[in-house]
Amino acid sequence: MSKYLTFTDVVFTNKALLLAALADLGYCHVEQGEGLSLYGYQGDERVERAEIVVRRRHIGAASNDLGFARTAQGYTPLISEYDQRTLHDGKFVARLRASYNERVVKEMQQRLRGTLRRETQGSIVKLKIRY
Amino acid sequence: MPEVEFSINTETGEMQMHIEGIQGASCADVAKLAKELLGAPAREENTPEFYVRPQTQKLVQPKKK
């Protein structure tokens, strides 16, 4: 059994952009609702509740459900210790944040009615909006 | 032309934003939009440009005779 970790310092304020960022990482099947239960890899129901859930069948055989709990600040990830260690080589949260941030930039470009230039320098993605 | 520059570290997911070419309070509007989508930043600094008040000129039209 793997315990769940709550990342209170990682907050995704915009639900639509969070769903888009999850899809970018390959998680297109997402359940949405109020206080959804999370299940571990053995089918055991956990005490944690979430408003956005990626079921373990869409992640991996040994994985647990992946959740996002709504807080006053936004959605915070609820990830099992096992998945935190193994998903995307242990970089799931970092990659999700990077993907979400890039979605934010595209959203800002649209709202500012500007043009967007993107370039990559190693592990750094540089984006520039002109409007 | 106003520019907003972003730098995303794909290893950590952290992002930095820099607003350029926007003087005064208009800069705060862009920052407000970013905060709406990103949440409160870990650190926030105003560049000297922020404190520059945009210059406005009063247009006076001559009275029509």
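Analyst: Let's start where helix H1 of chain A ends: just after H1(A), A:Gly26 takes a positive phi of about 100°. Here helices and strands are DSSP runs numbered from the N terminus, a helix being H or I with at least four residues and a strand E with at least two. Please keep in mind that this is a predicted model, in which local features need pLDDT of at least 70 and side-chain atom pairs count only at pLDDT 80 or more, while totals for chains, interfaces and linings use all residues. Residues are numbered from 1 along each chain as its sequence is written, and chains are lettered from A and ligands numbered from 1 in the order in which they are written.

H1(A) itself covers residues 15-24, and its buried residues are A:Leu17, A:Leu18, A:Leu19, A:Ala21 and A:Leu22. A residue is called buried if 20 or more other C-beta atoms lie within 10 Å of its own, exposed if 12 or fewer, and partly exposed in between, with C-beta atoms placed from the backbone. What covers these buried residues? Among the covering elements are strands E3 (45-54), E4 and E5 and helix H3 of chain A, together with helix H1 (25-38) of chain B.

E4(A), residues 66-70, and E5(A) pair in the antiparallel sense over four bridges; strands pair if DSSP finds at least two bridges between them. The bridge partner of A:Arg70 in E5(A) is A:Tyr75. Four residues sit between the strands of this hairpin, where A:Gly74 takes a positive phi near 150°. E5(A), residues 75-80, is largely enclosed by the rest of the structure, because five of its six residues are buried.

H3(A) is the next covering element. With 21 residues, H3(A) reaches 30 Å from its first C-alpha to its last, close to the 30 Å expected at 1.5 Å a residue; the expected span is 1.5 Å times one less than the number of residues. Its buried residues include A:Leu96, A:Tyr100, A:Val104 and A:Met108. A:His88 counts as partly exposed because it has 13 C-beta neighbours inside 10 Å. A:Asp89 lies in that loop between H2 and H3, with a positive phi near 55°. Most residues other than glycine have a negative phi. Just after H3(A), A:Arg113 takes a positive phi of about 55°.

H3(A) also leads us to chain B. 28 residues of chain A are in contact with 19 residues of chain B. On the chain A side, H3 and strand E7 (124-130) are the elements that give two or more residues, and H3(A) makes the largest share, 13 residues.

E7(A) and strand E1(B), residues 3-9, pair in the antiparallel sense over seven bridges, with B:Glu5 as the bridge partner of A:Lys128. Both belong to an open sheet of four strands in the order E6(A)-E7(A)-E1(B)-E2(B), with antiparallel pairing. E6(A) (115-121) and E2(B) (15-20) stand at the edges with a single partner strand each, so one side of each is left without a neighbour in the sheet. H3(A) lies across E6 and E7 of chain A together with E1 and E2 of chain B, running at about 10° to E7(A). That angle runs from 0 to 180 degrees between N-to-C directions, with axes fitted to C-alpha atoms, for helices over the stretch in contact.

Key. Two residues are in contact if their C-beta atoms, placed from the backbone, lie within 7 Å.
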